[in-house]
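Hi there,

Here is the structure I promised to pass on.

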Amino acid sequence: MSDTTIANARVLETRALPKKFFGRVQLLPKGAGMRLWLRLIVEMQLVRYLSALLPFVAIPLMSRDLALPVTQAPLAMLVVIAFVEMKVLRLSKAGRARAVGEDEAARRLDALAFRARGALRQIAARHGIAAGELRLVVEQSELARIAPLTLVSVQCDQPAPRLLSLDAQDRAILAGLFDAALSERDLLAVNHREDRYIRDIAQEARAVSAHARLAAVLEKRGAGA
């Protein structure tokens with residue numbers, strides 16, 4: 001999540017950290033493929049509601065005798081929407097508990113925190129940030145049984161709450177958050193278990209070593225040569 005990847009960059013503005021996105025703003029990613037656009041459309045609550053009600057539109061078209069009863073069944077419509085939202089697209093409390101064991105969940109969160117702080121140190125060094133706190137915010141959609149949708153942003157509190165502008169190298173660093181050992185779906189299983197879909201990992205900028213800062217400077221000089 002950055003002004004380099006989101007077309008409607010105004011949605012990135014914030015007055016408090018962590019900045020959250022799901023259910024609050026509509027995202028327009030730059031250069032997104034069809035799969036990502038379709039996944040974002042599924043995230044729109046109104047679209048899901050209308051999709052769940054399609055049978056109530058189709059039945060009257062197929063049978064005139066059923067047209068009046070179907071169109072006058074608002075309670076049935078609400079039941080269908082609730083079933084799709086709560087049973088099809090989300091896990092029950094028991095299902096969330098079975099998603100992953102407690103020990104494995106803790107291991108995955110530790111791995112995420114370790115990787116996140118390493119990424120934040122590299123990004124702080126690359127951007128020359130020496131004061132304040134950087135926060136890596138990983139937010140996931142709570143919808144289950146479909147492809148995970150994960151939003152990653154680097155947020156900082158100096159000189160005011162903001163989301164950092166991330167270049168290609170920054171985004172490459174953040175791409176290392178997930179791999180075969182810790183995938184987005186692995187993290188989502190933990191989030192389902194704890195019913196918590198945003199992770200906020202902080203790193204003090206002043207804790208970034210001089211060696212890391214020097215390495216970042218030399219890397220930039222090498223890239224510009």
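**Around R48**

R48 touches V42, E43, E85, L89, R90 and L143, leaving aside residues up to four places away in sequence (contact means heavy atoms within 4.5 Å). This is a predicted model, where local features need pLDDT of at least 70 and side-chain atom pairs pLDDT 80 or more, while totals for chains, interfaces and linings use all residues. Numbering runs from 1 along each chain as its sequence is written, and side-chain values use heavy atoms, without hydrogens and water.

R48 sits in helix α2 (residues 45-52); helices are DSSP runs of H or I with at least four residues, strands are E runs of at least two, and both are numbered from the N terminus. With a relative accessible area of 9%, R48 is buried (under 20%, using a 1.4 Å probe and protein chains only). A polar atom of its side chain lies 3.0 Å from the backbone oxygen of E43.

**The sheet**

Four strands form an open sheet in the order β3-β2-β1-β4, with antiparallel pairing (strands pair if DSSP finds at least two bridges between them). β3 (162-163) and β4 (198-204) are at the edges with a single partner strand each, so one side of each has no neighbour in the sheet. β2 (residues 150-156) pairs with β3 over two bridges, and C156 stands opposite R162 in β3.

Hope this is a handy start!

Best wishes

Terms used. Buried < 20%, exposed > 50% of the residue type's maximum accessible area, 1.4 Å probe, protein only. Polar contact = N/O pair within 3.5 Å; in protein donor to acceptor, adjacent residues only side chain to side chain.
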